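User: I would like to learn how to read a helical model feature by feature. Can you take me through one?

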Amino acid sequence: MEFSTADYSIFVLLLVLSAAIGLFYALSGGRQRTVQEFLLANRSMSFLPVALSLLATFQSAVAILGVPAEIYRLGTEYWFLGCSYFLGLLIPAHVFIPVFYRLQITSTYEYLELRFNKTVRIFGTITFIFQMVIYMGVVLYAPALALNAVTGFDLWSAVLTIGLVCTLYTTLGGLKAVIWTDVFQTLVMFAGQLAVIVVGARRVGGMARVWHVAEEQGKISGIDLDPDPYVRHTFWTLAFGGVFMMLSLYGVNQAQVQRYLSSRSERQAVLSCYAVFPCQQIVLCLSCLTGLVMFVYDREHPLAPSGTHISSDQLVLYFVMDVLRDLPGLPGLFVACLFSGSLSTISSAFNSLATVTMEDLVRPHFPGLSESRATLLSKFLGELGAWAFGYGLLCLGMAYVSSMLGPVLQAAISIFGMVGGPLLGLFCLGMFFPCANPTGAVVGLLAGLAMAFWVGIGSLVSSMGGAAPLANSTVTPPTNLTTVLATTLLTPTTPPPSPTGLQKFYRLSYMWYSAHNSTTVIAVGLLVSLLTGPTPPSAVDPRTIFPVLPRLLCCLPARYRQRLCCGVRFPTQDAPHPSPTAEKRVPNGVGAAPRDSAEEQGYGPPAYALQETAF
């Protein structure tokens, strides 16, 4: 289980190359001289690196460990999550990306001020920061803990290494360095997983035999069409509940939206969303095949030391170290693969946190700040760099707290899984319902978060009370972070006999959390908006609305479709030839939309002057 010199060399090479990419973009090109270059890569990226960066942000080290463990324990049912990728990427490509890109915003939460007001924007920003900081602590700590248990890798050295390397290249090279580092790390992840699958399958007689044995042992799952939302994994839970999870990630999450906005045109942004679809399917297949190979290999070559009990996430690393033990350098490649997942996820979070802090919390207090002075403060006085580094240290602190809290941390992991749903609901409320007002948005968001905490904490307390075992029946109950996350937010596999009332409610599958909480935000937000007075149509900027109902019901007569727009008249209806003197709101001094992203696609500015929002 010891690392060889070749293993350490490959691992160190990964870290050095990641830091070198940041240094390269700090010293080349525009040298991060403007806020737009630092935060949005000067809106110059093509679709392919953006797509790979989107993939790397989603594919964390926890997924690399957790998905094979899920397949090892419970079979290939999880594979059906891939069905959710289609709508989960198609909807962002044709709904969210056009709205965000045409507004030429930098922070996703600028949209909330344009649509509602500054208060809603601050609520959304704080919710996002809360979500990401907690999750980053887990992502830092989880792979380090597993590596320490299996390879003897020093726990805190691993945590500090990941955190500091991410902070270095994020602060030096900005978003462009983050994206190109993600591309490099994605290739490392593919190489590491392929090496494990190929070598492992050869050791047990080939992939055909792996599939045959797994099928004999009931690990190849059929389509479970049970519509019960309290069943942990069914086809409907994964394929449709997963859509809402994907929308919260690829539709409104700042880390992902920031990559869309870095594209050189709206078309490139949409293409990046299409390109990430086959990449996601490949990654899911590789992770599932790793789990099947691990299951067959463990039957013939027991991985767990005699008389010991290990968690399934650790079993993944025992499998890797055992399979690749005679091939110097390959264990190091997989560890580099694991760290690549952490580096890509954390660097994306650092960059997005720096962005929302600067754009949503700093700039509004300095409305007269010029672009040159903002750049000077950001670059040379370390405003943005300090925020990125500060969040890095805060996440390291969360990692330390993670090691001390034990079971309490399980609630924090559940919180991350649930906060994305209310944020998705908040954006859908504003984008699809013109009548929604700021009061309804704030109350709806708070109601969605309250519902999320209620269900999550109730599920946690219920499972800790011994009412039901955790979904990890193959091995001992989980006692560390990666196993908890791999067991998918503590939703039990086998609920107690005939649960009733709240006990039944607390068994809601984790895959429905996002749908449940976003629906709560929309329902409460609409109700409060109607009770307090809907937003007048004249007060709604039509660029912030996506008329989903009129487009879905396009066969209705025009007057009925207009009623579905709540009186809001769009530029294509009112002004097919907009006045050239009409003003276009450009937030935070960012330049006008590229010609091929707005004018050539027939989406011009409104036919009336919009009042500048004061920051």
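Predicted model: local features only at pLDDT ≥ 70, side-chain atom pairs only at ≥ 80, totals over all residues.

User: What is the mean pLDDT of the protein, and how many of its residues reach 70 or more?

Analyst: The mean is 75, and 72% of the residues reach 70 or more. Helix 21 (residues 513-532) has the highest mean pLDDT, 93. Helix 19 (residues 481-486) has the lowest, 38.

User: Where does pLDDT stay under 50?

Analyst: One such stretch is residues 378-388, with 28 contacts in the model beyond four places in sequence. Over residues 572-615 the pLDDT is also below 50. That stretch has 86 contacts beyond near neighbours in sequence.

User: Now the make-up. How many helices and strands are there?

Analyst: The protein has 24 helices and zero strands. Of its 615 residues, 61% are buried. The accessible surface is about 22,900 Å², and carbon and sulfur atoms account for 67% of that.

User: What share of the contacts join residues at least 24 apart?

Analyst: Take the contacts between residues at least 6 apart in sequence. Of these, 85% join residues at least 24 apart.

User: How is a pair of packed helices described?

Analyst: Two values do it: the angle between the axes and the distance between them. Here, take helix 5 (residues 84-103) and helix 10. Their axes cross at roughly 40 degrees and come within 8 Å. The crossing is right-handed.

User: Which residues make that contact?

Analyst: Helix 5 supplies S84, Y85, L87, G88, L89, I91, P92 and F96. Helix 10 supplies L238, A239, G242, V243, M246, L247 and Y250. By class, twelve are nonpolar, three polar and none charged.

User: At what angle do helix 3 and helix 10 pack?

Analyst: Helix 3 (residues 47-58) packs on helix 10 (residues 235-250) at about 115 degrees, and the axes are 12 Å apart. This crossing, too, is right-handed. L54, L55 and F58 of helix 3 meet M246, L249 and Y250 of helix 10. The contact has six nonpolar residues, no polar ones and no charged ones. M246 and Y250 of helix 10 also take part in the contact with helix 5.

User: On to single residues. Is V296 buried or exposed?

Analyst: The cut-off for buried is under 20% relative accessible area. V296 has 1%, so V296 is buried. V296 sits in helix 12 (residues 266-300). Beyond its neighbours within four places, V296 touches V204, R209, V210, V213 and A214. R209 is 87 residues away along the chain, yet the two C-alpha atoms are 8.9 Å apart.

User: What is the relative accessible area of Q36?

Analyst: Q36 has 23%, so Q36 counts as partly exposed. Q36 lies in helix 2 (residues 35-40).

Notes
Residues numbered from 1 in each chain as written. Heavy atoms only, no water. pLDDT = per-residue confidence, 0-100. Helix = DSSP H or I, 4+ residues; strand = E, 2+ residues; numbered from the N terminus. Contact = heavy atoms within 4.5 Å. Axes fitted to C-alpha atoms, helices over the stretch in contact; angles between N-to-C directions. Left-handed = near helix turned anticlockwise from the far one by under 90°. Nonpolar A, V, L, I, M, F, W, Y, C, P; charged D, E, K, R; others polar. Buried < 20%, exposed > 50% of the residue type's maximum accessible area, 1.4 Å probe, protein only. Areas by Shrake-Rupley, 256 points an atom, 1.4 Å probe, with all protein chains shown as cover.
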